[in-house]
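The following exercises are to be worked with the sequence and the three-dimensional model at hand. Each task is followed by a solution in steps.

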Amino acid sequence: MSALTLRVTEITPLSPLVTRFRFEHPEGAGLPLFSGGAHVVVEMPDAGVLRRNAYSLISDPLDGSGYEIAVRREDGGRGGSRFLHTKVSVGDLLRVNLPVNLFALDLRAKKQLMIAGGIGITPFLAQLKQIARLQIPFELHYAARSRAEAAGVALLPDLPQIHVHISDEGNRMDLGAILSGQPLGTHVYTCGPEGLIAAVDETAARLGWPKGALHAEAFLAPPPGAPFTVTLTSGREIEVGAHQSLLEALEAAEVAVDWSCRGGACGRCETGVSACHGRIEHHDHWLSDEEKASQTKIMPCVSRFVGETLTLDL
């Protein structure tokens with residue numbers, strides 16, 4: 001994918017765990033514009049490992065002077081967020097892929113209903129700027145366990161359509177009340193933990209919402225696991241480490257695989273499986289339950305394997 005080399009120009013803590021990073025062109029050139037909900041992939045050379053993590057853009061989609069992201073530090077993760085929080089300084093140059101949008105607003109909707117949990121507020125920050133220009137009806141509900149974790153509060157405009165739900169303050173989100181009584185033609189967008197997305201889907205189904213009006217985004221971090229070996233149809237064998245995704249192992253071996261989100265959401269890296277003697281551990285949101293059960297496809301960005309033999313159509 002095409003990437004730009006950009007300079008880190010601002011690093012701003014938003015909460016004890018969340019930090020905002022701003023990237024600008026080192027020569028002051030304008031950056032490609034995007035639409036609300038878009039993400040970029042930041043490349044991070046970390047002790048011989050090239051990490052690539054996707055982050056939603058939170059800056060104004062029509063401001064080409066720079067890109068901004070907000071990143072939650074996850075010390076128990078695989079190292080990308082920790083790298084940004086501990087090894088990146090103002091003035092550093094990083095490669096940033098051009099924006100891609102898998103979570104765009106459907107502008108045919110009569111109303112936009114946005115539901116965010118924790119760091120899932122990030123794609124909505126750019127969408128709110130887009131909505132303000134278009135002057136279309138919207139409603140946003142933002143849930144967090146505590147004020148300290150609600151990093152997005154400082155970035156949200158003070159508008160009556162925006163509702164903040166803090167669990168520690170006894171103000172939990174009531175999905176039934178939120179989804180009931182919305183005008184016909186409303187579309188709902190959910191970003192946050194998998195549990196929140198599932199709860200919205202279940203509540204919407206119970207209330208009779210059409211599936212076409214439901215949108216969700218959940219970039220998943222590739223989980224660690226036991227090392228395993230994959231075989232390519234060429235006969236080549238690739239070793240996958242315990243804290244390495246299958247996609248990263250293929251890239252390290254210079255095997256070309258298309259990708260976009262690197263989080264199991266877009267489907268770009270879908271790869272055929274010609275032989276499977278064992279169990280594919282599917283962690284994506286792309287393949288259907290039937291496709292997962294067939295064990296004939298895998299999303300190498302987030303999925304793993306346990307067993308004797310896994311042969312990929314590569």
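**Exercise 1.** Which element gives the most to the lining of the second largest pocket, and with how many residues?

*Solution.* The model is predicted, so local features need pLDDT of at least 70 and side-chain atom pairs count only at pLDDT 80 or more, while totals for chains, interfaces and linings use all residues. Residues are numbered from 1 along each chain as its sequence is written, and side-chain values use heavy atoms, with hydrogens and water left out.

Step 1. On a 1 Å grid over the protein atoms alone, a pocket is an open set of points with protein on both sides within 12 Å along at least five of seven lines; a cavity is a set of points where a 1.4 Å probe fits but cannot get out; lining residues have an atom within 4 Å of a point. Grid points are joined across faces, edges and corners, and a volume is the space filled by probe spheres set on the points. Helices (H or I, at least four residues) and strands (E, at least two) are DSSP runs, numbered from the N terminus.

Step 2. Describe the pocket. The second largest pocket has a volume of about 470 Å³. It is lined by 22 residues, of which I197, D201, L214, H215 and A216 are the closest to its centre.

Step 3. Assign the lining to elements. Strand 11, helix 4 and strand 12 each give two or more residues. Helix 4 gives the most, with seven residues.

Step 4. Sort the lining by class. There are 15 nonpolar, three polar and four charged residues. Here Ala, Val, Leu, Ile, Met, Phe, Trp, Tyr, Cys and Pro count as nonpolar, Asp, Glu, Lys and Arg as charged, and the others, Gly among them, as polar.

**Exercise 2.** Determine which residues of helix 4 are buried and which are exposed.

*Solution.* Step 1. Locate the helix. Helix 4 comprises the 13 residues 194-206 and reaches 18 Å from its first C-alpha to its last, close to the 18 Å expected at 1.5 Å a residue. The expected span is 1.5 Å times one less than the number of residues.

Step 1. List the buried residues (under 20% relative accessible area; exposed is over 50%, partly exposed in between; 1.4 Å probe, protein chains only). In helix 4, L196, I197, V200, T203 and A204 are buried. Seen down the axis of helix 4, these buried residues fall within an arc of 135°, so they line one face. The arc is that of the directions from the helix axis to the C-beta atoms.

Step 2. Examine the other side. There, G195, E202, A205 and R206 are exposed.

Step 3. Identify the cover. The buried residues of helix 4 are covered by elements including strand 8 (111-117), helix 3 (175-179), strand 11 (186-191) and strand 12 (214-217). Just after the helix, G208 takes a positive phi of about 85°.

**Exercise 3.** Against which strands do the buried residues of helix 1 pack?

*Solution.* Step 1. Within helix 1 (residues 80-87), the buried residues are G80, S81, F83 and L84. Seen down the axis of helix 1, they fall within an arc of 160° and therefore line one face.

Step 1. They pack against strand 2 (18-24), strand 3 (38-46), strand 4 (49-56), strand 5 (67-72) and strand 6 (93-97), where contact means heavy atoms within 4.5 Å.

**Exercise 4.** Is F305 buried or exposed, and which residues does F305 touch?

*Solution.* Step 1. F305 lies in strand 17 (residues 304-312). Its relative accessibility is 3%, so F305 counts as buried.

Step 1. Not counting residues up to four places away in sequence, F305 touches F228, C276, H277, G278, R279, I280, E281 and L310.

**Exercise 5.** How many cavities of 30 Å³ or more does a search of the whole structure find?

*Solution.* Step 1. The search finds one such cavity. The largest cavity has a volume of about 40 Å³.

Step 1. Its lining consists of L14, V18, A70, I119, I121, T122, L125, A151, G152 and L155. By class, eight of these are nonpolar, two are polar and none is charged.

**Exercise 6.** Where is Q135 placed, and is Q135 buried or exposed?

*Solution.* Step 1. Q135 is in the loop between helix 2 (122-134) and strand 9 (138-144).

Step 1. At 72% relative accessibility, Q135 counts as exposed. Although Q135 is not a glycine, its phi is positive, at about 55°.
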